[in-house]
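Thanks for coming. Please look at the sequence and the model first, and then I will go through some of the contacts.

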Amino acid sequence: MTPNDPTAAPAAPVAPPSDRSRWLALAIVMTAAFMDLVDVTIVNIAIPSIERSANASVSQIQWITAGYALAFAAGLITGGRLGDIHGRKRLFLIGIGGFTLASALCGFAANPEMLVASRILQGGMAAMMVPQVLSIVHATFPAHERGKVFGMFGAVVGLGAVSGPLLGALLTEWNLFGLEWRPIFLINLPVGVVAWLLGRRFITESKAPKALKLDLVGVALVSLGLLMLLYPLTRGRELGWPLWGYVCMAGALVVFAALVSYEKRKAARDGSPLIELSLFRVKSFAAGIAVQTVFGVALGIFFLVWTLYMQIGLGWRPLRAGLTGVPFSLAVSTAAGLSVQQLVPRFGRKVLQAGALVMGAGVLLYLWEAHRYGLSITSWQMALPLVVMGVGMGLIVAPLTDAVLSEVPREHAGSASGLINTVQQMGNALGLGLVSVVFFGEIGERTPPDRVGLAFVHAFQHALWWVAGIMGVIFLLMSALPKRPAQHAEGAAEADLPEAEKEPELVR
């Protein structure tokens, strides 16, 4: 008998992973997600140290952060689809192994050029690793357990959002073994090695139930479009917003239109497009993607201007700035766990809308305090608005992920996961680009040294008005989300099939 012989006996069902293995696998992939979230923010706090000790130019410093973001965003959709085709466990192990190796290369970089190249490699490997996190969760846990799991995922997001700057500040100020900034990368080595070894043992392989092929033309188009959009956004301010940057971003829209047209033809021809456009016919997915994009813009603006406000405007040391964010992190983690496990099952979409309103209220409260106390504001005075903002963010991040993926068929979990991460990165990049307008545009190029602090305080308040307005837009967009959490479509469909016709997805 050949593998495709229709007379062959049906394959025996593959036993699902044990309960212990499933939760160990979850811990492993969550650790990987945390590594990525921390690595995105940990570098910013160490930039002054890197600039001094590595003698890096302004352009090189820009690329140490932008190179990672560009490689990460450009590879996410491809990474998700590769997991669907070749196995999510396999791609996860390749990604976390490559991420760990790239971290070592960053830590031992002999010059700025090597550091930039290693960061680009690190971003590319993160693009292989991160989409598999949600895909593995989607394939391993049944629908009724995913609320609890996504609550944990939201808590990890909250911890990662602020832990990066805090950890970066500690490692930089401790100057372990005289290595200065290098431990911020080297700390990934033991974590990555342990996660790879445990993942190899406890994560169960899964892939799309029908054979798919990698859409190379789609990969080229989506990578080109994202680079044409994100490169001018990340370099625009440094280069003075040249005309070619605007032309490039406009051209990205043409490339994306060509991508959509090609993907439609590809899906009709062989059913293996890079981006499964049919997903956008699922209302929960399309609405969630829109919210995710705009939410990324808000976060992109806030976290950068907040760091600049504290360290440059107020003159705080990195460690103090990092510790100030702890109440925010704890509030996000707590609210995220409560939202999907207790609140969303009872109140549905209203929880996310309440989160947008609460986070917006926290932003306005922060704006009021920044205006009232000016340069004399303390960390304790910032605690209340940060807690309110954190609660609002926690009510959004975990339920939003569940809402986006709730009706996605398992065979497209990788593609959907890649899209979720990609649009969030696009939103973040757009937010970072807008910082030049809403923050630096308020400071001016020739601010006297004795006025820098006040200029940064004023610019911070101006940026917060923008963030509050964006939260209002998010509240309106959320009205398109389902009123109640939906059961997964493939779970309902499969339940109606005879046992012999159910196609096992987990493979060894």
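How many aromatic pairs does a search of the whole structure find? The search finds 15 aromatic pairs, where rings of Phe, Tyr and Trp (its six-membered ring) pair if their centres lie within 6.5 Å. Planes under 30 degrees apart count as stacked, over 60 as edge-to-face and the rest as tilted.

Before the examples, the ground rules. This is a predicted model, in which local features need pLDDT of at least 70 and side-chain atom pairs count only at pLDDT 80 or more, while totals for chains, interfaces and linings use all residues. Residues are numbered from 1 along each chain as its sequence is written, and side-chain values use heavy atoms, with hydrogens and water left out.

Take Trp241 and Tyr246: their ring centres are 6.4 Å apart and their planes are at 35°, so this pair is tilted. Trp241 is partly exposed at 26% relative accessible area, and Tyr246 is partly exposed at 46%. Here buried means under 20% relative accessible area, exposed over 50%, and partly exposed in between, with a 1.4 Å probe and protein chains only.

Phe439 and Phe456 are edge-to-face, 5.5 Å centre to centre with 80° between the planes. Phe439 is in the loop between α15 (413–438) and α16 (452–477) and Phe456 is in α16, so the pair ties together parts 17 residues apart in sequence. Helices here are DSSP runs of H or I, at least four residues, numbered from the N terminus. Phe439 is buried, at 0%, and Phe456 is buried too, at 8%.

Finally, ring pairs link Phe302, Phe303, Trp306, Tyr309, Phe328, Tyr366 and Phe460 into a cluster.

Definitions and conventions: Helix = DSSP H or I, 4+ residues; strand = E, 2+ residues; numbered from the N terminus.
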